[in-house]
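Here is a friendly briefing to read alongside the model. Take a look at the structure first, then come back for the tour.

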Amino acid sequence: MPIYRLHHFPESGNSYKLALMLRLCGQEFEAVWTDFAAGVTRTPEWRAAVNEMGEIPVLEEDGQRLTQTAPILLRLADRFGLYGPQTEEERFEILRWLFWDNHKLTGCMAPWRYLRAFVDAPDPGDLRYLRRRLDDALAVLEARVAASAFLAGPRATVADISACGYLVHAPEEHGFDFARSHPATAAWLDRIRALPGWRAPYDLLPGPRMALRDPARLAAPPQEP
Ligand SMILES: N[C@@H](CCC(=O)N[C@@H](CS)C(=O)NCC(=O)O)C(=O)O
């Protein structure tokens, strides 16, 4: 059995993608908390020692440091024979949604949620820009999972594990009540939550948490700015 160490911080949906996949594959991992809020990943020392790209998560597999969740998810799927492609067509479809998620869905939801929930005075222009793009990405997702049980077809794959990474958090963080605004997405998230072994993000990612900012603002419907 490989030995895994996951460099993470609890709020990181990208870290959750890997933690969830390891969990669904029945793999234990040592969680290595990283002080992201203090800027550790921006230091030259951390980049030289852990990840030249300056990003969390980093997964160590038997001492080898791996980065970028999409290829790591595919590698784990291959290693454990779970949630990966079974045909060439399926492989293409999974890759298509993984790239889309990294670029459009996670690419907008991660900074949106971070600025909205964990930063004291985010720039309203930044929020406006991200929200517009996020709404578009969520509409694409909604249409897809209304027509298909999972992103790449009738069974769950790493594309779903990737795309759910920033959507399963509480509404206080991302600001959406999906059951009301995106019902097919809510039903798809429930199908993911029903996978054997599923756990919520903060159950898998231990360590000191960032404070949620300005609860009054966060309680308001997500129409800002
Ligand atoms: N495409 C990367 C994204 C990783 C990523 O953006 N991680 C965030 C934390 S969850 C980060 O380290 N951001 C630092 C930055 O953008 O400067 C992946 O899938 O691993």
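Predicted model: local features only at pLDDT ≥ 70, side-chain atom pairs only at ≥ 80, totals over all residues.

Residues are numbered from 1 along each chain as its sequence is written.

**Strands**

- Helices (H or I, at least four residues) and strands (E, at least two) are DSSP runs, numbered from the N terminus.
- Strand 1 (residues 4-8) pairs with strand 3 (residues 58-61) in the antiparallel sense, over four bridges; pairing requires that DSSP finds at least two bridges between two strands.
- Strand 3 also pairs with strand 4 (residues 64-67), again antiparallel and over four bridges, and here E60 stands opposite R65 in strand 4.
- Two residues lie between strand 3 and strand 4 in their hairpin, and D62 in the turn has a positive phi of about 50 degrees.

**Around the ligand**

- The residues around the ligand include S12, N14, T41, E55, Q68 and N102; a residue is near a molecule if its C-beta atom, placed from the backbone, lies within 6 Å of it.
- Helix 3 (69-80) and helix 4 (88-118) are the elements that give two or more residues to this shell.
- By class, the shell has three nonpolar, seven polar and one charged residues. Here Ala, Val, Leu, Ile, Met, Phe, Trp, Tyr, Cys and Pro count as nonpolar, Asp, Glu, Lys and Arg as charged, and the others, Gly among them, as polar.

**Nonpolar core**

- The largest nonpolar core has 49 residues, and A19, M21, L73, W97, V158 and A159 have the most contacts inside it.
- Such a core is a set of buried Ala, Val, Leu, Ile, Met, Phe, Trp, Tyr and Cys residues joined through C-beta atoms within 7 Å; buried means that 20 or more other C-beta atoms lie within 10 Å of a residue's own, with C-beta atoms placed from the backbone.
- Helix 4 supplies the largest share of this core, eleven residues.
- Leaving aside neighbours within four places in sequence, M21 is in contact with L73, L76, V158 and I161; contact means C-beta atoms, placed from the backbone, within 7 Å.

**Domains**

- The domain assignment, automatic or from a database, gives domain 1 (4-80) and domain 2 (88-195).
- Their centres, taken over C-alpha atoms, are 20 Å apart, and the contact takes 13 residues from domain 1 and eleven residues from domain 2.
- Helix 1 gives the most to the side of domain 1 that touches domain 2, with seven residues.

Key: Buried ≥ 20, exposed ≤ 12 C-beta atoms within 10 Å, placed from the backbone. Contact = placed C-beta atoms within 7 Å.
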